[in-house]
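Let's take a walk through this protein model together. Have the viewer ready and follow along.

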Amino acid sequence: MAQGPKRNADGAPIGRRALLGMLGVGAAGLAAAPYLQRGWEGVLGSASQLDPTGLTGLLPNPGGFRYYSVVGSVPRKDETNYELRLDGLVDRPKTYTLSDLRALPQTRVVHDVLCTDGWRVDKTPFEGVKLADLLDDAGVHSKGAAVRFTCFDGAYSESLTLEQARRADVLVALNMQDKPITHEHGGPVRLYVAPMYFYKSAKWLSGISVTRKVIPGFWEERGYPVDGWLDGEDRHSDAV
């Protein structure tokens, strides 16, 4: 009687060994992916701090976010030297340290992040102090109608109407994606305006000032809409 083809000495077909090897490599790749992503994000973030052209913001990033600064470099702030000044048309101007902000009640908002460049990151959690709470604590004057934001990069600015600023989904944010906001993402504290395009969410926030009228921000002075609403957003002041 004819015999069937012989198997390898170890009894495992070569094709199966190759398949198992490829699966092992794939599993190792999946395990390493988060570390590789964070490493690449760090490279992009550091490069963006030295790139006044903004071209690093065009490089692909598996995390979805892009990095862009309007100045060549931005100083780093932390618990030892960060301050947020709230002033303008208020009864009680105040300066907050990072510890002060962390000690206040925190609100978590999960929303899609969209940039005018076309990229988006869905269902991104931010957590921080509601801007409305800080304004209430300061006591806004009757003539106050808008809020201006300045940043410790020395160049960027943004504005909201007072009604917009009091929304429950507008935060002085300390955490993003359930982690402290990194320097590259505008930390340790940034503005987060959930219902508007991401340029309204000023990075490296250092100043909040109540004003009589809306003062166009950095990009508004260069042609962007003052009201950067996302399509389909509820624009009522009590919306969340």
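Phenylalanine 126 and tyrosine 192 are both buried. Keep in mind that this is a predicted model. The two rings form a stacked aromatic pair, 3.8 Å from centre to centre with 15° between their planes. Phenylalanine 126 belongs to strand β4 and tyrosine 192 to strand β9, so their pairing ties together parts that are 66 residues apart in sequence.

That's one of 10 aromatic pairs in the structure. Now look at tryptophan 119 and phenylalanine 198: their ring centres are 6.1 Å apart and their planes meet at 85°, so this pair is edge-to-face. Tryptophan 119 sits in the loop between β3 and β4, while phenylalanine 198 sits in the loop between β9 and β10, so here the parts tied together are 79 residues apart in sequence. Tryptophan 119 has 12% relative accessibility, so it counts as buried. Ring pairs join Phe65, Trp119, Phe126, Tyr192 and Phe198 into a cluster.

Next stop: helix α3, residues 131–138, where Leu131, Ala132, Leu134, Leu135 and Ala138 are buried. They cover an arc of only 160° around the axis, which puts them on the same side of α3. In general, an α-helix has 3.6 residues a turn, so residues three or four places apart point the same way. Just after α3, glycine 139 takes a positive phi of about 75°.

Finally, the largest nonpolar core has 39 residues, and Leu131 is among those that touch the most other members. Helix α3 gives the most to this core, with four residues.

Technical notes:
Residues are numbered from 1 along each chain as its sequence is written. This is a predicted model: local features need pLDDT of at least 70, side-chain atom pairs count only at pLDDT 80 or more; totals for chains, interfaces and linings use all residues. Side-chain values use heavy atoms; hydrogens and water are left out. Buried means under 20% relative accessible area, exposed over 50%, partly exposed in between (1.4 Å probe, protein chains only). Helices (H or I, at least four residues) and strands (E, at least two) are DSSP runs, numbered from the N terminus. The arc is that of the directions from the helix axis to the C-beta atoms. A nonpolar core is a set of buried Ala, Val, Leu, Ile, Met, Phe, Trp, Tyr and Cys residues joined through side-chain atoms within 4.5 Å. Rings of Phe, Tyr and Trp (its six-membered ring) pair if their centres lie within 6.5 Å; planes under 30 degrees apart count as stacked, over 60 as edge-to-face and the rest as tilted.
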